[in-house]
Amino acid sequence: MNELFSLYEQLLKHYGKQNWWPADNREEVIIGAILTQNTNWSNVIRALDNLKQENLCTLNKLSQQPAETIAPLIKSAGYYNVKAARLKNIAEQLKDWSPENLPIQEARAFLLNLKGIGNETADSILLYAYQIPVFVIDAYTVRLLGRVKRVPTDNRYEYYQNYFMDGLPLDHSLYNEYHALIVKHCKAFCRVKPICRDCPLNKSCISKILE
DNA sequence: GTCCAGGGCCTAC
DNA sequence: GTAGGCCATGGA
């Protein structure tokens, strides 16, 4: 088994299953994916709760609301004016959209064409809302891999994504869990330098596995 | 008071 | 093509 899968197994053994994405249904995953941009998840939960309380936590309902109505409800998630306008538009575009029968790249391109959806959010939606096997690269993953693999600054997202997807089987549940485990691990041990200080994986730490 | 969080867009060089 | 500014709240 290759080093990437070995790393996955160690993270899983240490942290257990993360059961992402924490949401009740597909539409809530999509809404949460927009709300969580550059924002702590605990702040997103409040915003989602507010939307649920107003019975607005569906794409159809959000698409029918003026952004001015949405904004105060999602204030806790930060950037609320920007996110309110984007949510409304994205809800309108995605409420009747289904990517299941599309080539992955086509589905991805459709999402990337929407204002407010970049690489990470597009892949999060494909993976966590639709169970389509794309590996999500986020700031944590970049930070982690950046310490052990030198890469060109351009196309960095693609480079890292290919790195994972070339080394792993095409499996949405594996990508789901792996990404969540990386976030879990980095939150605890890869926030600050020095690298992986007090890392519980110790001798089998990520830096040593991937170097 | 400062830093960071499950980003992305836009503008100026 | 890319660096920098901007959007903004809440917890540590």
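## Basis of the description

In this predicted model, local features need pLDDT of at least 70 and side-chain atom pairs count only at pLDDT 80 or more, whereas totals for chains, interfaces and linings use all residues. Residues are numbered from 1 along each chain as its sequence is written, chains are lettered from A and ligands numbered from 1 in the order in which they are written, and side-chain values use heavy atoms, with hydrogens and water left out.

## Overall fold

Chain A contains 12 helices and 0 strands, where helices (H or I, at least four residues) and strands (E, at least two) are DSSP runs numbered from the N terminus. Of the 211 residues in chain A, 46% are buried; buried means under 20% relative accessible area, exposed means over 50%, and partly exposed lies in between, with a 1.4 Å probe and protein chains only. Among the contacts in chain A with a separation of 6 or more, 61% are between residues 24 or more positions apart, a contact being heavy atoms within 4.5 Å.

## The nonpolar core

In soluble globular proteins, nonpolar side chains tend to be buried together. Here the largest nonpolar core has 64 residues, and those with the most contacts inside it are I31, L35, L51, L111, F164, L168 and Y178; such a core is a set of buried Ala, Val, Leu, Ile, Met, Phe, Trp, Tyr and Cys residues joined through side-chain atoms within 4.5 Å. Helix α11 provides the largest share of this core, 7 residues. When neighbours within four places in sequence are left aside, F164 is in contact with L4, F135, I137, T141, L145, Y178 and I182.

Helix α8 is mostly covered, with 9 of its 11 residues buried, including T121, D123, I125, L127 and Y128. The buried residues of α8 pack against α2, α7 (104–112), α10 (156–167) and α11. Just after α8, Q131 takes a positive phi of about 55 degrees.

## F135 and H179

F135 is placed in the loop between α8 and α9 and counts as buried, at 0% relative accessibility. Its contacts, apart from neighbours within four places in sequence, are D123, Y157, Q161, F164, M165, L168, Y175, Y178, H179 and I182.

H179 lies in helix α11 and, at 3% relative accessibility, also counts as buried. Although F135 and H179 are 44 residues apart along the chain, their C-alpha atoms are separated by 7.4 Å. Not counting residues up to four places away in sequence, H179 touches W20, Y128, F135, V136, D138 and T141.

## Aromatic pairs

A search of the whole structure finds 14 aromatic pairs, where rings of Phe, Tyr and Trp (its six-membered ring) pair if their centres lie within 6.5 Å, and planes under 30 degrees apart count as stacked, over 60 as edge-to-face and the rest as tilted. The rings of Y8 and Y178 have centres 5.2 Å apart and planes at 45 degrees, so this pair is tilted. Because Y8 lies in helix α1 (residues 3–15) and Y178 in helix α11, the pair ties together parts that are 170 residues apart in sequence. Both Y8 and Y178 are buried.

W21 and W41 form an edge-to-face pair, at 5.6 Å centre to centre and with 85 degrees between the planes. This pair links distant parts of the chain, 20 residues apart, with W21 in the loop between α1 and α2 (26–35) and W41 in helix α3 (residues 41–53). W21 counts as buried at 12% relative accessibility, whereas W41 is partly exposed, with a relative accessible area of 22%. One aromatic cluster is formed by F5, Y8, F135, Y163, F164, Y175 and Y178.

## The largest pocket

The largest pocket has a volume of about 780 Å³. On a 1 Å grid over the protein atoms alone, a pocket is an open set of points where a 1.4 Å probe fits, with protein on both sides within 12 Å along at least five of seven lines, and lining residues have an atom within 4 Å of a point. Grid points are joined across faces, edges and corners, and a volume is the space filled by probe spheres set on the points.

The lining of the largest pocket consists of 24 residues, of which T36, T39, E120, D138 and Y140 lie nearest its centre. Two or more lining residues come from each of α8 (119–129), α9 (139–146) and α11 (172–189), and α11 gives the largest share, 5 residues. By class, the lining has 10 nonpolar, 9 polar and 5 charged residues, where Ala, Val, Leu, Ile, Met, Phe, Trp, Tyr, Cys and Pro count as nonpolar, Asp, Glu, Lys and Arg as charged, and the others, Gly among them, as polar.
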